[in-house]
Amino acid sequence: MKGVFFMINIIWFFMIFIGIIYGALTGNLGELNNIILKEAQEGVTFAISLIGIMSFWLGIMNIAQCSGLIKSICNIFRPMMKMIFPDIPKGHPAENWILMNFIANMFGVGNGATAFGLKAMEELDTLSPNNKKATNAMSMFLIINMSSLQLVPLTIIKIRQDYGSINPTSIIGPTILATGLSTLVAIIVGKIFERGN
Amino acid sequence: MLDIISIVMVPFMVFIILVHGYIKGIDIYSAFIEGAKEGLKTAINIMPYLIAIFIAVGIFRGSTALDMFIHLLSPITNLLGLPQEIVPLVLIRPVSGSGALGVVKDIIGNYGPDSFLGNLAGIMMGSSETIFYTITLYFGSIGIEDYGHTLKAALISYIISIFITIFIYGIIYNAQFTLFNI
């Protein structure tokens, strides 16, 4: 199963490979120069733009960690967490960060969620025997994350408003339904794959 | 109601956490500084992964290879019964968030924000994530190269969710339509 191993290698290679060949065929190579410059800069700008808000959230969450608030919140969700992430030992910090990431995602605290998610991965990594390979817990965490958790789609509401919708926020209900179902599907699919391993 | 919740959420969380820490007698200032130090480290750590994925997506999109890809795949997606207008969105969404947003704007612009397609595009955009960006960012940050079943599972869930969304929203929309006509 070579294709499964290091999938990112293959995807990354082919996106650039096909892009350059297709660009050459369609006479778009000049444009590609600009894109490389622009996107490299964009990566740096984006990472730097995250520093402030990530520092803020990690600082605030450290207070909640020290005061025991996170622990109390996690206790409420522990049964659910145990079911979704059976491999994480009870009381391991990974649990806290995963929950914080889910909560921040749900309420659309986008960059805060990223900060917590990265901390969660860091903690999950300490539980991993092979530090090049994703564990079941890491996979499940990301699969849920990529299923989208955000309750209120603020960007979409804004666009609807701009285009003169009669009721821009009427999309919230169906979106929450769709998001809930997609997360449920994600957990089930993730569990099926876990069982197959 | 819910948009109010998401606006007050950040100040509310900060308030509760600070008050709780203060009552518990924690050295809140030192705790904040201690945590905030991690922010810089994390941001620098993820920078190369962001650059890598941005450039790959940028080249793939900018060369119009993505458009070609959509064109090639459209017979398959048509066969599956996806509405023609939604197909580009379905294919771009996992790869590029800004690209997908552009498509959503097109659809809403062309068909109106309150049309079936306009609503569907909005719901699909709001209930999915940029899978490739998320996966490279999070795995990259801890140096994981073998993703195991993660990407496959995420894409399969994504596809299943699209069909569920189209199906259920179809029912909701028709029900509304019937109600308003009575």
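Residues are numbered from 1 along each chain as its sequence is written, while chains are lettered from A and ligands numbered from 1 in the order in which they are written. Because the model is predicted, local features need pLDDT of at least 70 and side-chain atom pairs count only at pLDDT 80 or more, whereas totals for chains, interfaces and linings use all residues.

**View 1. Chain A, an arrangement of helices.** Let's start with chain A, which has eight helices and zero strands. Helices here are DSSP runs of H or I with at least four residues, strands are runs of E with at least two, and both are numbered from the N terminus. Along the sequence the pattern reads α-α-α-α-α-α-α-α. The C-alpha atoms of chain A fill a box of roughly 60 × 50 × 35 Å, taken along the principal axes. Of the 197 residues in chain A, 45% are buried. A residue counts as buried if 20 or more other C-beta atoms lie within 10 Å of its own, as exposed if 12 or fewer do, and as partly exposed in between, with C-beta atoms placed from the backbone. Among contacts in chain A between residues at least 6 apart in sequence, 58% join residues at least 24 apart; two residues are in contact if their C-beta atoms, placed from the backbone, lie within 7 Å.

**View 2. Helix 4 of chain A and its surroundings.** Helix 4 of chain A covers residues 93–106, and its 14 residues should span 20 Å at 1.5 Å a residue, which agrees with the 20 Å between its end C-alpha atoms. The expected span is 1.5 Å times one less than the number of residues. Eleven of the 14 residues are buried, so helix 4 of chain A is largely enclosed by the rest of the structure. Among the buried residues are Trp97(A), Ile98(A), Leu99(A), Met100(A) and Phe102(A), along with Glu95(A) and the asparagines Asn96(A), Asn101(A) and Asn105(A). Just after this helix, look for Gly108(A), which takes a positive phi of about 70°.

View 3. Ala120(A) lies in helix 5 of chain A and counts as buried, with 27 C-beta neighbours inside 10 Å. Leaving out residues up to four places away in sequence, Ala120(A) touches Ala94(A), Trp97(A), Ile98(A), Asn101(A) and Phe141(A). Leu99(A) is 21 residues from Ala120(A) in sequence, and their C-alpha atoms are 9.0 Å apart.

**View 4. Two non-glycine residues with positive phi.** In chain A, Ser148(A) has a positive phi of about 75° although it is not a glycine. Ser148(A) sits in the loop between helix 6 and helix 7 of chain A and is buried, with 27 other C-beta atoms within 10 Å. In chain B, Thr64(B) has a positive phi of about 65°, and it is not a glycine either. Thr64(B) is found in the loop between helix 2 (28–62) and helix 3 (65–79) of chain B. With 18 other C-beta atoms within 10 Å, Thr64(B) is partly exposed.

**View 5. Chain B, its helices and its spread.** Chain B contains eight helices and zero strands. Its radius of gyration is 21 Å, well over the 16 Å that the globule rule gives for 182 residues, so chain B is more spread out than a compact globule. The radius is taken over C-alpha atoms, and the rule is 2.2 Å times the number of residues to the power 0.38. The C-alpha atoms of chain B fill a box of roughly 60 × 50 × 30 Å along the principal axes. Buried residues make up 43% of the 182 residues in chain B.

**View 6. The side of chain A that touches chain B.** Here 93 residues of chain A are in contact with 84 residues of chain B. Helix 2 of chain A gives the most to the chain A side, with 27 residues. That side divides into 57 nonpolar, 27 polar and nine charged residues. Ala, Val, Leu, Ile, Met, Phe, Trp, Tyr, Cys and Pro count as nonpolar, Asp, Glu, Lys and Arg as charged, and the others, Gly among them, as polar.
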